[in-house]
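Subject: Structure for your review

Dear colleague,

Please find the structure below, followed by an account of what was found in it. I would be grateful if you could read the two side by side.

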Amino acid sequence: MDSLATALYVRADDLLTSSPQLAPWQPVVGITPQLSDAELVTLSMMQAMLGYTSEARWLRHARVHLRHLFPYLPKRPGYNKRLRKAVGLIQHVMRKLAADTALWTDDVWVVDSTPVECGRSRETVKRSDLAGWAQYGYCASHTRYFWGLRLHLLCTLGGLPIAFALTGAKADERETLLDIFATEPTLVTDRPPGQTLIGDKNYFGREFESQLADLNIELLRPARKDEAERAGSQLFKPLRQVIESINETFKGQLDLERHRGRTPGGVMVRVLQRILALTAAIWHNEHTGQPVMRSLTAYDH
């Protein structure tokens, strides 16, 4: 873990040195933060990796066990505020790490969405700052209704996150995917033609597939009940397990459903911490000659 934390800190610090505009805004006049932005990113990754959903408990743990890595640690309110301001920086670090792996150039992607529950009681739903963004939705894989958001994730077969979106529970998966490509067109334009995308039965429709074809993306998915058998159907069951294992890593090892976010900014940064942790683990494994794993078992504490 120390090796991973040191490598991430150095990479984040180098990024901020070459591109200082990526750092969260700070007033020109005032006290210089004693915890650097690179240390903040590293600290947030370690929180997700070590399974601390409570910021207060995490900082208590860090003060006892991580002083050799972080000589200064802020109090919880300061850590909370700085973390939310660092959303853009965390996204840039994630992309730099992902692009610095061999998996980044894979010509096969998998796409899926998974629930991010934000509350259960009716009282929570009525009072939450997430009302209007969070919605009631249905999770077919777990046969349950939930109130919250959906994490739409685009990954390689090796489990490397390529892009993501966080939407209301009722958002159309197809529209969200097209919005991802519209927001980041270089995901497709910077790659050779012929990218393959594997999705489930929700990614259907002649117009949708035509729009993907215009982007030189070939969609593979299982046939729906009213359709004839589609090409590659024998591959879907084993390959679908890839995205399921990635979702299980987020939920089982990175506690995605126990994020404790109560505001849009709070939920967003907590989801980003978990995507950063998975990306950093894959990046570090590759650069240290370790097996590429979608699971984070090798970093369990």
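Apart from its neighbours within four places in sequence, T176 is in contact (heavy atoms within 4.5 Å) with H152, A165, T167 and A171. T176 belongs to helix 7, residues 173-183; helices here are DSSP runs of H or I with at least four residues, numbered from the N terminus. T176 counts as buried because its relative accessibility is 7%; buried means under 20% relative accessible area, exposed over 50%, and partly exposed in between, with a 1.4 Å probe and protein chains only.

The model is predicted: local features need pLDDT of at least 70 and side-chain atom pairs count only at pLDDT 80 or more, while totals for chains, interfaces and linings use all residues. Residues are numbered from 1 along each chain as its sequence is written, and side-chain values use heavy atoms, with hydrogens and water left out.

R262 is placed in the loop between helix 10 (233-253) and helix 11 (264-287). With 54% relative accessibility, R262 counts as exposed. Beyond its neighbours within four places in sequence, R262 has contacts with S128, D129, L130 and V267. Of these, S128 is 134 residues from R262 in sequence, yet their C-alpha atoms are 6.9 Å apart.

Two helix pairs should be noted; axes are lines fitted to C-alpha atoms over the stretch in contact, and angles run from 0 to 180 degrees between N-to-C directions. Helix 1 (residues 2-18) and helix 11 have axes that come within 10 Å and cross at roughly 100°. Helix 1 is therefore roughly perpendicular to helix 11, a term that covers 65 to 115 degrees. S3, L4, A7, L8 and R11 of helix 1 meet A280, W283 and H284 of helix 11 in this contact.

Helix 2 (residues 37-49) packs against helix 4 (residues 76-85) at an angle of about 100°, the axes being 11 Å apart. Helix 2 is thus roughly perpendicular to helix 4. D37, L40, L43, S44 and Q47 on helix 2 make the contact with Y79, R82 and L83 on helix 4.

Leaving aside neighbours within four places in sequence, M45 is in contact with L4, A5, L8, L276, A277 and A280.

Yours sincerely

How values were computed:
Helices (H or I, at least four residues) and strands (E, at least two) are DSSP runs, numbered from the N terminus. Angles under 35 degrees count as roughly parallel, over 145 as roughly antiparallel, 65 to 115 as roughly perpendicular and the rest as oblique.
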